[in-house]
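Hi everyone, thanks for coming. Let me put the chain up on the screen, and then we can walk through it together.

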Amino acid sequence: MIRIECPILGPRPETEFVYGGDATVKRPDMSERDPDAWLDYVFHRDNPRGIHKEYWQHIQARHWLVVERDTLTHEVIQASLAREYQS
């Protein structure tokens with residue numbers, strides 16, 4: 001089981017969280033008219049091997065985190081509030 005160090009509630013089991021996706025994907029500007037840019041944003045994702053940043057939502061507290069996790073070992077390196085995340 002993965003344990004995520006919640007900055008507000010401390011260490012919590014992964015069952016209290018919902019995966020929210022890749023935290024490194026950049027959304028195109030709303031004025032973007034190129035369908036390929038939106039196609040890439042919505043459907044094309046890398047399958048990273050190693051350390052990666054992901055969005056996770058704590059179900060009970062309802063806050064979003066950016067979790068840096070090793071996708072090979074599932075080790076959580078760090079977690080921070082998403083509102084404080086600077087890409």
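Let's start with a question: which residues does Glu 16 touch, not counting residues up to four places away in sequence? The answer is Gln 57, His 58, Ile 59 and Gln 60, where contact means heavy atoms within 4.5 Å.

Before going on, a word about what we are looking at. This is a predicted model, in which local features need pLDDT of at least 70 and side-chain atom pairs count only at pLDDT 80 or more, while totals for chains, interfaces and linings use all residues. Residues are numbered from 1 along each chain as its sequence is written, and side-chain values use heavy atoms, with hydrogens and water left out.

Back to Glu 16. You'll find Glu 16 in the loop between β2 (10-13) and β3 (17-22). When I say strand or helix, I mean DSSP runs numbered from the N terminus: helices are H or I with at least four residues, strands are E with at least two. Glu 16 counts as buried because its relative accessibility is 14%; buried means under 20% relative accessible area, exposed over 50%, and partly exposed in between, with a 1.4 Å probe and protein chains only.

Now look at Thr 15, which lies in the loop between β2 and β3. Is Thr 15 buried or exposed? Thr 15 is exposed, because its relative accessible area is 56%. Leaving out residues up to four places away in sequence, Thr 15 touches Met 1 and Ile 59. The C-alpha atoms of Thr 15 and Met 1 are separated by 8.5 Å, with the two residues 14 apart along the chain.

On to the sheet. Four strands make an open sheet, in the order β3-β4-β5-β6, with antiparallel pairing. β3 and β6 are at the edges with a single partner strand each, so one side of each has no neighbour in the sheet. From one strand to the next, the twist averages 30 degrees; for that angle, axes are lines fitted to C-alpha atoms, for helices over the stretch in contact, and angles run from 0 to 180 degrees between N-to-C directions.

Let's go across it pair by pair; two strands pair if DSSP finds at least two bridges between them. β3 and β4 are antiparallel, over five bridges, and Phe 17 has His 58 in β4 as its bridge partner. Next, β4 (residues 51-58) runs antiparallel to β5, joined by seven bridges, with Ile 51 standing opposite Asp 70 in β5. The hairpin of β4 and β5 has five residues between the strands, and there Arg 62 takes a positive phi near 65 degrees. Finally, five bridges join β5 to the antiparallel β6 (residues 76-81), where Gln 78 is the bridge partner of Glu 68. This hairpin of β5 and β6 has five residues between the strands too, and His 74 takes a positive phi near 70 degrees.

How many of the seven residues in strand β5 (residues 64-70) are buried? Six of them are, which leaves β5 mostly covered. Take Arg 69, which sits in strand β5. Arg 69 counts as buried because its relative accessible area is 10%. Its contacts, not counting residues up to four places away in sequence, include Ile 2, Trp 56 and Ile 77.

One last stop, at helix α1 (residues 35-43), where we find Leu 39. Leu 39 counts as partly exposed because its relative accessibility is 36%.
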